[in-house]
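Here is a walk through a two-chain model, with the sequence and coordinates on show first.

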Amino acid sequence: MSSPSGAMAKLLFVDLIGSVVWFPIWWYTKGLSMVTIKSVNALRYRFQAYAFRIWIRNFFVPMYGQHDWSGRIVSFFMRLVVLIGRLIALLVEAFVYALGLALWLAAPAILALLTVFSFIAGTVS
Amino acid sequence: MDKIPNPESVPNSEAIVCSVCGGDPRASVKCKVCGGAGIGVASSDGFLVWTEKVDDFSVAFRKIKRGVTTGFHAVILVFIILTFVVFVWRVSALDSIGVVGTFNFWIVGHWYVTLLCFGLFCGCFFIFRLFEYSKVEKVIPTWHLTESQLEARDSKVAKAEHRFDVSPYYSEQARDVVESAYKITKDLKRTQVDPHMLFSAVLTSPTGGLFMARLGMDFNKIKEPLARFMVAESAAGNPPVTLSRETKRILALAYAEARSHRRQYVSPMELFIQSFSVSLKLQELIDKLGFPAEHVRQVAEWVRLQEKLREDYHRFVKLAALKPKTAMNRAMTAQQTPLLDRFSEDLTMAARDGRLAPLVGRKSEMDSLLRAIESGQGSAVLVGSNGVGKSAIVEELARRMVAEDVPVELFDRRLVSVNLAQLIASGDPSLAAERLLTILNEIAISGNVILAARGIEALVGGSGAGPLDLAETFASEMDKGYFITVASTTSKAWTEYLENRSLGSKLVKVDVLPLGADDTLRVLMAKSGVIEYRNKVFFTYQALDKATSLALRYMYDVSVPESALNVLREAAVVARKARGEKTFVTAEDVAGVVHEKTGIPVEAVTQSETEKLLEMETHLHERIIGQQEAVAAVSQALRRARAELREGKRPIANFMFLGPTGVGKTELTKALAAEYFGEEKAMVRVDMSEYQDPTSVARMIGVPGDQRGGLLTEAVRKAPFSIVLLDEVEKAHPDILNLFLQVMEDGRLTDGVGRTVDFTNAIVIMTSNAGTPFIQAEVNRNTPLENIKTALLERELKGIFRPEFLNRFDGIIVFKPLTLDEVSQIAWLQINKIEQRLLEKGIKFRAEDKAMEDLARAGFDPQFGARPLRRVIQDRIENQLADILLRHQVERGDTIVLREDGSLSVEK
């Protein structure tokens, strides 16, 4: 802040008006990266919660300590089903996050276009 | 840029000043080279500088900016809401709401649709503004890194050359502090914001309030001296007010401090620590006001530790959510363990529910434990005394297992603490063995259980459970390697029951040594929050410090930190009951609890006690006639002890009283006990003539296995604050005297049971008649007492006591044989006692002077001192008195007179 007037000018032109210019750039660069990181972290947490690594490592280990043949067979299929189920759940969640990201990407552009389009259409009619 | 060294020698905090403006506060404002920084500190983040100007305008501007930003956001938000309201209002007025679902509706050009779209667009803008502009402070770039990652990064990255402005990383509160320092400087009409102003500004902030409360500091009391100090230490002058070079350096260093402690922002705390550390004069001032620099730093550390624990707790809660809520592991390979569940507690479950506290310190022990498990040796045993923190380590292991921050051997498993005492409680060895094997079988099948066996000596029958011995069974099962055990035991039990057995050899021993004062204090700091919350009280730093020092010094049955924590727990209750909730627990509360528990007066010396101590000689001479040297020596020893000037590792004093019988050696000891320890009985008296053979050592200190202990050790253990009087010490066997070499030198003695008995609060007095003929002969020759003593030590006592024994005494005091005049005074003392006893019956007593002279003469014997006097008084007075009383010849209010001829008469 070199001088009071300079500081006030910075507040007005850079922080307030300038932010309008900075908004789209931020949205598709810093903002996008922030949302992506948050989504990836959330998915990673879900991935941990579903314990895929543990389940794959123990794929042939019988569940509930049932070490007999029937127990092993039931466990194998059970694990397979659960793993597939969890994978589907994770994919659905990933899809939701991807949708969110797509929305993030599309929202300002579509909304701006819609605004302009609707405004022009309204003016013309 | 030129380097200037740091006066406080903080590592890596060397400041570099601008070569153009020289870091001059005023010149640097317009310096093009440094851009107003003037001074900076090199770091791996860059060259740390503070460039932001702090003046009236910037202070006001920050407020304006905050107001404008908030107002701007409010306007956008209102506009967005309005667009929605208008849209809903217009749509609700439509003939058919269904048209909203048609594409045409959105593109046909309705003004309210345009408005809504623009409103939603503004919504995006609002999100952007919130992320980018609502938070003024920036997060320190390395905040997200773990400690090891940060260390690794700093070791790789060299100090960066580019300039790094630290001001954006200051929290709102920290900025407030900087501005507040500016205002203080201005109010005091100074020209530069010095570190002292920063320090004062922190004190006036909310964080400072917490500091002062913990430290027991009253701001109103320090306000004026601090203001005077600030005025004296900085130059007066006209505005503008600028940040001094030292302050700019502190502002940069505060960032480095916050970064190294993995803080999110620079907080007032870092400013406080830096501004305080940099000024020795400020430290001196605060010290003079009663707050040592070390205490100030410790309190800062305390506040920071509690903040860090809060952050850690949030991180832990998030990780704990991944751990299953039941005994089933995440891989679902486990099986039910009904018998184990009956005799155990699931520690991982307790940790998951937040019922286990985090461990403070003990990093090396934790590492050793994990290494033992990881190395494939399987099981480990924590060995340490009671209260040292073995359970805390086991509980931390459970917490780490919840967070899965453990070696792969412990991954996705649960830590189960089996109650061994309950397991073997049946008393039937075969049943206990069966139970143990069934439990181990369940563990084997389940496969996800790590066994925590606290007090593993119970398996050997070491907990007093009788002849039961499951150790071999357990050891042979361990050999099969299908389960991991984390056991714990005391050092004594380890040596006695486990070390030389197969069970002991199969466990990797991890020693848990008692904590030092600093680590104990840190544990108390970490755990104090829970006690405060439960009792609704607050601890001052002095309370914690006192609990640490007193527990370390006076409490031996349970080790620190447990003993210190117990003291704090009780002190909190005492304070709450005495002064109600929301009160501060002080050092005196803590001292009171310790006094009650140990019987040792550890509170600060009161005024009345001070007077008593200063006039100790006078009080003692009320009972002791003559023997000035002896009375002065014991009085001085007590004053030294109470003023806490002694080292604390030896008894309060070790004295040897030498002299003929009946000169007042034992009487002085009794008088001392009565005067200072409250009663004559506060004395452990041992007649050493009973300890003439070497086997009597066992009587004195006890024999192994006999829980009763020894006569001496038990007496001192129960009453550590007392006099230990060893009569006729020359008659004791030399082996017994050897025991006292250790007592006199180290202040402790280990009894037959293995307990260490503390003698540091006792006064050891030994009396001896050795050399009596020599003393009497020399006194008759009027040889000075000092010469007699030298001759005694050099010649007379050499054959009786070993030189190292004599060397350990603080004073060898020679009691002179009594003169007739002294015996006469003693006679008066004795008569006074009789008078007192009769007064209790309502009868007065008077003695004529001549009768007293006769009495003294009859009772005087140069060889036996005042001893015959008692017999004479008994024969001549007490016997007659008894007759008079039994014959009812005297009534209440009468006076009995001792006549010149030695007879007693009654005056009505």
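Strand β4 of chain B runs parallel to strand β5 (residues 163-165) of chain B, and three bridges join the two. Within that pairing, V49(B) sits opposite D165(B) of β5(B). Keep in mind that this is a predicted model.

β4(B) also pairs with strand β3 (residues 39-43) of chain B, this time antiparallel and through four bridges. The link from β3(B) to β4(B) is a hairpin of two residues. Here A42(B) has F47(B) in β4(B) as its bridge partner.

Here are the strand pairs of chain B side by side.

| Strand pair | Sense | Bridges |
|---|---|---|
| β3(B) and β4(B) | antiparallel | four bridges |
| β4(B) and β5(B) | parallel | three bridges |
| β16(B) and β22(B) | parallel | four bridges |

The β16(B) and β22(B) pair belongs to an open sheet of five strands, ordered β17-β18-β21-β16-β22 in chain B, with parallel pairing. The edges are taken by β17 (683-687) and β22 (811-814) of chain B; each has a single partner strand, so one side of each has no neighbour in the sheet. Ignoring direction, neighbouring strands of this sheet are turned by 20 degrees against each other on average. Zooming in on the pairing of β16 (residues 653-658) with β22(B), F657(B) finds its bridge partner in I813(B). Helix α34 (residues 785-796) of chain B lies across β16 and β22 of chain B, and runs at about 120 degrees to β22(B). As background, side chains in a regular strand alternate between the two faces of the sheet.

Now for a pair of helices. A packed pair is described by the angle between the two axes and the distance between them. For helix α15 (residues 363-374) and helix α16 (residues 390-402), both of chain B, the axes come within 11 Å and cross at roughly 60 degrees. That crossing of α15(B) and α16(B) is right-handed. From α15(B), the contact uses E365(B), M366(B) and L369(B), while α16(B) brings I393(B), E396(B) and L397(B). By class, the residues of this contact are four nonpolar and two charged, with no polar ones.

What about the other chain? Chain A has four helices and zero strands, giving the pattern α-α-α-α along the sequence. The radius of gyration of chain A is 26 Å, well over the 14 Å that the globule rule gives for 125 residues, so chain A is more spread out than a compact globule. Its C-alpha trace spans about 80 × 50 × 15 Å along the principal axes. Buried residues account for 11% of the 125 residues in chain A. Of the contacts in chain A between residues at least 6 apart in sequence, 68% join residues at least 24 apart.

Finally, how many residues does each chain put into the contact between A and B? Chain B gives 36 residues and chain A gives 34 residues. On the chain B side, α1 (56-92), α2 (103-107), α3 (111-134) and α18 (429-446) each supply at least two residues. Which helix of chain B gives the most to that side? α3(B) does, with 14 residues. Sorted by class, the side of chain B that touches chain A holds 23 nonpolar, seven polar and six charged residues.

Notes:
Residues are numbered from 1 along each chain as its sequence is written. Chains are lettered from A and ligands numbered from 1 in the order in which they are written. This is a predicted model: local features need pLDDT of at least 70, side-chain atom pairs count only at pLDDT 80 or more; totals for chains, interfaces and linings use all residues. Axes are lines fitted to C-alpha atoms, for helices over the stretch in contact, and angles run from 0 to 180 degrees between N-to-C directions. A crossing is left-handed if the near helix is turned anticlockwise from the far one by less than a right angle, and right-handed if clockwise. Two residues are in contact if their C-beta atoms, placed from the backbone, lie within 7 Å. Ala, Val, Leu, Ile, Met, Phe, Trp, Tyr, Cys and Pro count as nonpolar, Asp, Glu, Lys and Arg as charged, and the others, Gly among them, as polar. The radius of gyration is taken over C-alpha atoms; the globule rule is 2.2 Å times the number of residues to the power 0.38. A residue is buried if 20 or more other C-beta atoms lie within 10 Å of its own, exposed if 12 or fewer, and partly exposed in between; C-beta atoms are placed from the backbone. Two strands pair if DSSP finds at least two bridges between them.
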